[in-house]
Every structure is written in C-alpha cells, then in structure tokens.
Amino acid sequence: MAEKTEDETGTGTTAATAVGPDEQTAVAPDAQTEERPEEVAAQEHPEPSSGTGQGAAAVVSVALGVVSLTGGWPGTVAGARETLVGQLRTAADASVATQIQEVYGDAWNATALWAGLFALVALITGVVVLVRPAFGAPGRAARAPWIPSVAWAGVALGVIGLLLAVLKYTGVLLGLPAAS
C-alpha cells in the first residue's frame, strides 16, 4: 500500500507526497491552481469572437445582392412614383413615343437605378469583407472559413446585379417598345 507523508515547502505550506511501490510523488495542491498574472488578465478581458462582424457583413452583402436582382421595395416605390409623375406631365395630345417614355420609360429607369444602387452596395460590402484581414491586427485569430465564401457570393451577386441594372437602364435588356 502507498504511504503518505507531508513535506514542508520553502513557502511554509505543506504538500502531500505519496510514496508507492514505484516511488511516484504527487504534485502539491497549491501548484495545480496557481495562475500567472497574465493568464488571469487574459481570462478577465476576453477578446470578442473574431469574425462576427465580418460574417454579418458577408450575409448583408448577399442579401443586398438578392434585393438588387429581385427589385425590392424602394425600387418598386420609385417606379410607381415615376409612373404617376409621367402621367401628370404628359399632355393628352403628346405623341405615343413621349407617353411611353414619360409613363413607362422613366419608371423603368428608376427601378434600374435602385437595383444598381443595391448591387453596388452589395459589391462594396463583399469586397470590404474579403480585404479586411489584410488590415487587421497581426496575431489575431483566423476567421471562420464560411465568411469568405459568403462574401464571394455577395460580390458575385453584386456584379450580376450591377450588370443587369446597367443593361436595363440603357435599354439593352428589355428596352421599351418602339412607337410607330
């Protein structure tokens, strides 16, 4: 059986020492719980989880890219407003081409502008998320691997949305019908 003895340390505390058949000794109980001051400071002031803001920005980039492709409330309201303004400005004796442009063309361009704005913001937000680690503090923890993937999706949706908005505004994509 093991025999227990108490040894006195240089600090005036006692530590139990177990002596067994293979002569192993146990660690003093005070030594197991002793923490260095820098470890205590690190535990008291935890750093925020890295990548939370970047992850949120990446998701926002994707959401803005989707809004640029689907329209969204501001584009719909702007288009309806331009339709109303066009109806009010167009005289009853105006040519058909003028009526089409004032009532439908300006509304079409307004929705294209709003879609382009959302696409541009999605593109910029995604690019900022992608280049952010280059300007971060050295030695900072790595971000989650899904963040760049989602940011790239936001950039791709932003580029597609911007391209479609430009094509829509210029009339290359679904331009107004010609009045004869």
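Colleague: What pattern does the chain follow, read along the sequence?
Modeller: Along the sequence it goes β-β-α-α-α-α-α-α. That is 2 strands and 6 helices. Keep in mind that this is a predicted model.

Colleague: Noted. How much of the chain counts as buried?
Modeller: Of its 180 residues, 24% count as buried. The accessible surface of the chain is about 12200 Å², and carbon and sulfur atoms hold 65% of that.

Colleague: And what share of the contacts comes from residues 24 or more positions apart?
Modeller: Taking the contacts in the chain with a separation of 6 or more, 67% are between residues 24 or more positions apart.

Colleague: Let's zoom in on α3. How far does it reach, first C-alpha to last?
Modeller: Helix α3 covers residues 52–70, which is 19 residues, and it reaches 27 Å. At 1.5 Å a residue you'd expect 27 Å, so the span is close to that.

Colleague: Nice. Which of its residues are buried?
Modeller: In α3 the buried ones are Gln 54, Gly 55, Ala 58, Ser 61, Leu 64, Gly 65 and Ser 68.

Colleague: Why would the spacing in a list like that matter for a helix?
Modeller: An α-helix makes a turn every 3.6 residues, so residues three or four places apart point the same way.

Colleague: OK, and what covers those buried residues of α3?
Modeller: The cover includes α5, residues 96–131, and α6, residues 146–170.

Colleague: What follows α3?
Modeller: Gly 71 follows α3, and its phi is positive, near 115°.

Colleague: Switching to pockets. How much space lies in the second largest pocket?
Modeller: About 200 Å³. The lining of that pocket has 16 residues, and those nearest its centre are Ser 68, Leu 69, Gly 71, Ala 115 and Lys 168. Ser 68 is one of the buried α3 residues, and Gly 71 is the residue with the positive phi.

Colleague: Which helices supply that lining?
Modeller: At least two residues each come from α3, α4 (73–89), α5 and α6. The largest share is from α6, with 4 residues.

Colleague: How does the lining split by class?
Modeller: There are 7 nonpolar, 8 polar and 1 charged residues in the lining of the second largest pocket.

Colleague: Now some single residues. Where is Gly 116, and is it buried or exposed?
Modeller: Gly 116 sits in helix α5. Gly 116 counts as buried because its relative accessibility is 12%, and the cut-off for buried is under 20%.

Colleague: What does Gly 116 contact, leaving aside neighbours within four places in sequence?
Modeller: Leu 162 and Ala 165. The C-alpha atoms of Gly 116 and Leu 162 are separated by 5.0 Å, although the two are 46 residues apart along the chain.

Colleague: How about Glu 82, what does it touch?
Modeller: Glu 82 belongs to helix α4. Not counting residues up to four places away in sequence, Glu 82 touches Arg 89, Glu 102, Asp 106, Ala 107 and Ala 110. From Glu 82 to Asp 106, 24 residues along the chain, the C-alpha separation is 6.0 Å.

How values were computed. Residues are numbered from 1 along each chain as its sequence is written. This is a predicted model: local features need pLDDT of at least 70, side-chain atom pairs count only at pLDDT 80 or more; totals for chains, interfaces and linings use all residues. Side-chain values use heavy atoms; hydrogens and water are left out. Buried means under 20% relative accessible area, exposed over 50%, partly exposed in between (1.4 Å probe, protein chains only). Contact means heavy atoms within 4.5 Å. On a 1 Å grid over the protein atoms alone, a cavity is a set of points where a 1.4 Å probe fits but cannot get out, and a pocket is an open set with protein on both sides within 12 Å along at least five of seven lines; lining residues have an atom within 4 Å of a point. Grid points are joined across faces, edges and corners, and a volume is the space filled by probe spheres set on the points. Ala, Val, Leu, Ile, Met, Phe, Trp, Tyr, Cys and Pro count as nonpolar, Asp, Glu, Lys and Arg as charged, and the others, Gly among them, as polar. Accessible areas come from the Shrake-Rupley method with a 1.4 Å probe; for residues, only the protein chains shown count as cover.
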